[in-house]
Every structure is written in structure tokens, then in C-alpha cells.
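A short report in plain words will do.

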Protein chains: 2
Amino acid sequence: MESLYTDTYFMQMAYKEAQKAFEFGEIPVGAVVVSNNKVIGKGYNLTEQLNDVTAHAEMQAITAATNYLGAKYLTDCTLYVTLEPCVMCGGALYWSKISKVVFGTKDEKQGAGRLGNLYHPKTEIVSGIMESECKQLLQVFFDRLRK
Amino acid sequence: MESLYTDTYFMQMAYKEAQKAFEFGEIPVGAVVVSNNKVIGKGYNLTEQLNDVTAHAEMQAITAATNYLGAKYLTDCTLYVTLEPCVMCGGALYWSKISKVVFGTKDEKQGAGRLGNLYHPKTEIVSGIMESECKQLLQVFFDRLRK
């Protein structure tokens with residue numbers, strides 16, 4: 001029997017976070033941190049509301065997860081995020097020693113991947129989960145912004 | 001007449017922040033953000049106290065400065081930090097569009113510089129201000145930790 005807890009299952013939760021960002025007029029990116037099939041941290045992009053360029057979805061999900069665990073490191077955790085992490089978030093994920101990072105759609109311009117592997121050597125990277133949905137949400141946002 | 005407000009003048013303030021981190025048993029790194037010769041944000045490394053790998057001195061100084069300004073970007077601001085920013089902080093400084101970054105001592109292992117120029121193309125980088133003092137504070141900290 002297949003597990004309920006697939007990468008798509010948790011990416012749907014990250015996508016719901018991205019939808020919240022969309023509703024608030026923020027670039028729609030959402031993230032959740034999962035440990036033992038349980039969401040222990042989540043966040044969505046709040047850079048406009050907080051006037052803070054560091055308030056990316058991943059940063060908030062990491063901080064929330066470490067608060068939950070009462071531990072600095074996210075070993076044995078997975079981050080699901082709708083858009084490929086930027087350099088700042090890639091650097092934060094490096095420090096977190098997270099086991100796995102799963103992202104929806106690639107960020108060709110700002111994604112950490114363009115600089116090689118910024119993550120911890122022990123971090124597994126998976127991409128393309130719900131890619132079209134994650135990409136479309138961003139496209140609709142930017143199309144509306146341009147109008 | 002020379003200005004009172006030299007890079008060393010503000011690096012001394014960042015150094016004081018680093019000393020606070022030292023007293024709390026944190027890796028001693030401190031930072032201040034300056035606008036029009038006024039400190040508008042400061043911070044020191046709090047990763048252990050907050051159990052949060054993102055709680056670097058620079059991240060807190062950036063967030064404090066943007067809160068003070070009520071603006072997302074730190075154009076016309078300078079960040080003074082005792083240790084070269086890491087990749088996460090370099091990425092955050094990129095997003096902030098800060099005008100100038102001044103650091104004390106180079107971080108050969110984790111410094112953003114090893115990946116090329118992560119900062120915004122408009123950001124000026126100055127290094128080596130109070131280099132020996134900043135380096136020594138870190139050395140004393142790690143020497144004590146090893147004992």
C-alpha cells in the first residue's frame with residue numbers, strides 16, 4: 001500500500017501557504033517543514049506586510065520548526081517550498097542541516113541552484129513536485145501586478 | 001577636518017555588539033546598520049539563545065533597520081559587521097539593496113565572498129576595518145570553547 005504521506009501531500013500544504021501570500025498581495029510562495037510526517041513549521045512570504053526582505057516563507061518555516069523542536073538543527077526534517085529557495089534561504093537551509101529540500105518550480109533568476117550546491121552535503125534536493133501549479137500561481141500574480 | 005564618522009567609528013559599535021555575543025557564550029559577531037551617520041539597527045549573534053540558525057547579527061540588524069525606516073530597502077545605508085557575512089546574510093543583503101557593507105575579518109570557510117559577488121551590483125564592499133581586533137575576539141572565543 002502506498003503511503004499517504006507523499007511529497008505531493010506535503011507540497012499541497014506548502015501551496016496552501018502560498019495561496020495565503022497571494023491573498024495578501026505578496027509574491028505567492030509558501031513553505032512547510034515536516035518531521036515524522038507531521039508539519040512542525042510553516043510560513044508564507046511576508047516581505048511586504050513586514051517591510052522586511054528577510055521575511056521569506058522558508059525563513060519563517062525554519063524558525064517556526066526550530067522553535068517547535070527547541071533545537072537548532074533540522075536533521076531528519078524536510079522543507080517543502082513552492083518556489084526554489086533563493087541564496088539567502090539556501091544559506092539558511094545549509095546552517096539548518098536539514099535532511100531534504102523539496103521545491104515546486106525552479107527560480108531561474110534568483111534560485112540558489114545557479115551558484116552550485118549551497119546546501120549542506122547531507123541535504124537531498126528534490127524538485128518539480130506540483131511544478132505547474134506552483135508556477136501558475138506565480139504567473140497569475142505577476143500578470144495581475146502588471147495590469 | 002576629518003569626519004568623526006569613519007568606518008572605524010562605526011565598526012567599534014559593531015564590535016561592542018560582538019562583545020555582547022561573547023558574554024552570552026555566542027560566537028562573537030556583531031553588526032550595526034548606519035544611515036546618515038546614525039545607527040538605525042543593531043544586532044549580535046543569538047543562534048544559541050534562540051535555537052535559531054538564522055539569528056545571525058546581520059539578519060537582526062537588517063530587520064531592525066527596516067523596522068526603523070518602515071521601508072523594505074536599505075539604499076543609502078551601510079552595514080558594519082565584525083565578521084564577513086555568510087551566504088545566508090550575503091543573500092539577505094542582496095535583497096536589501098544596501099549601499100555599502102563593511103566587514104572586519106574575512107571568513108575563509110563560510111564567507112559569502114568564496115562564491116563570488118553575492119551582493120547587489122550597487123553594493124560597495126570594504127573589508128579589513130579593525131581586522132585584528134575582530135579576529136582576536138573570535139580566536140579567544142574558540143580557544144576557550146576547545147578547553
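B:Glu48 is partly exposed, with a relative accessible area of 43%. In this predicted model, the side chain of B:Glu48 forms a salt bridge with that of A:Lys72, at 2.6 Å from N to O. B:Glu48 sits in the loop between strand 2 (38-44) and helix 2 of chain B, and A:Lys72 in the loop between helix 2 and strand 3 of chain A, so this pair joins two chains. A:Lys72 has 15% relative accessibility and counts as buried, because the limit for buried is under 20%.

**The interface**

Two salt bridges are found across the interface of chain B and chain A. There are also 10 residue pairs in polar contact between the two chains, counting those with both residues at pLDDT 80 or more.

How is chain B placed relative to chain A? A rotation of 180° with 0.0 Å of shift along its axis superposes chain B on chain A, with an RMSD of 0.0 Å. That is the relation of a two-fold axis. The C-alpha of chain B nearest the axis belongs to B:Met88, 2.0 Å from it. Of the interface residues of chain B, 100% are also interface residues in chain A, so the copies meet through the same surface.

**Helix 3 of chain A**

Helix 3 (residues 87-96) of chain A is mostly covered, with eight of its 10 residues buried. Among them are A:Met88, A:Gly90 and A:Leu93. The buried residues of this helix pack against helix 2 (57-69), strand 3 (77-83) and strand 4 (100-105) of chain A, and also against helix 2 and helix 3 of chain B. After helix 3 of chain A comes A:Lys97, whose phi is positive, near 55°.

Over all chains, the whole structure has 12 salt bridges.

| Pair | N to O distance |
|---|---|
| A:Lys100 and A:Asp7 | 3.3 Å |
| A:Lys42 and A:Glu17 | 3.9 Å |

A:Lys100 lies in strand 4 of chain A and A:Asp7 in helix 1 of chain A, so their pair ties together parts that are 93 residues apart in sequence. A:Lys100 is buried at a relative accessible area of 17%, and A:Asp7 is buried at 18%.

In the other pair, A:Lys42 is partly exposed, with a relative accessible area of 47%, whereas A:Glu17 is buried at 5%. Salt bridges that share partners join A:Glu17, A:Lys20 and A:Lys42 into one network.

**Two further residues of chain A**

A:Thr123 is placed in the loop between strand 4 and strand 5 (124-127) of chain A. A:Thr123 is buried, at a relative accessible area of 8%. Leaving out residues up to four places away in sequence, A:Thr123 touches A:Ile98, A:Ser99, A:Lys100 and A:Val101.

A:Phe22 lies in helix 1 (residues 7-23) of chain A.

Note on methods:
Residues numbered from 1 in each chain as written. Chains lettered and ligands numbered in written order. Predicted model: local features only at pLDDT ≥ 70, side-chain atom pairs only at ≥ 80, totals over all residues. Heavy atoms only, no water. Least-squares fit on C-alpha atoms with pLDDT ≥ 70 in both. Contact = heavy atoms within 4.5 Å. Salt bridge = Lys/Arg side-chain N within 4 Å of Asp/Glu carboxyl O. Polar contact = N/O pair within 3.5 Å; in protein donor to acceptor, adjacent residues only side chain to side chain. Buried < 20%, exposed > 50% of the residue type's maximum accessible area, 1.4 Å probe, protein only. Helix = DSSP H or I, 4+ residues; strand = E, 2+ residues; numbered from the N terminus.
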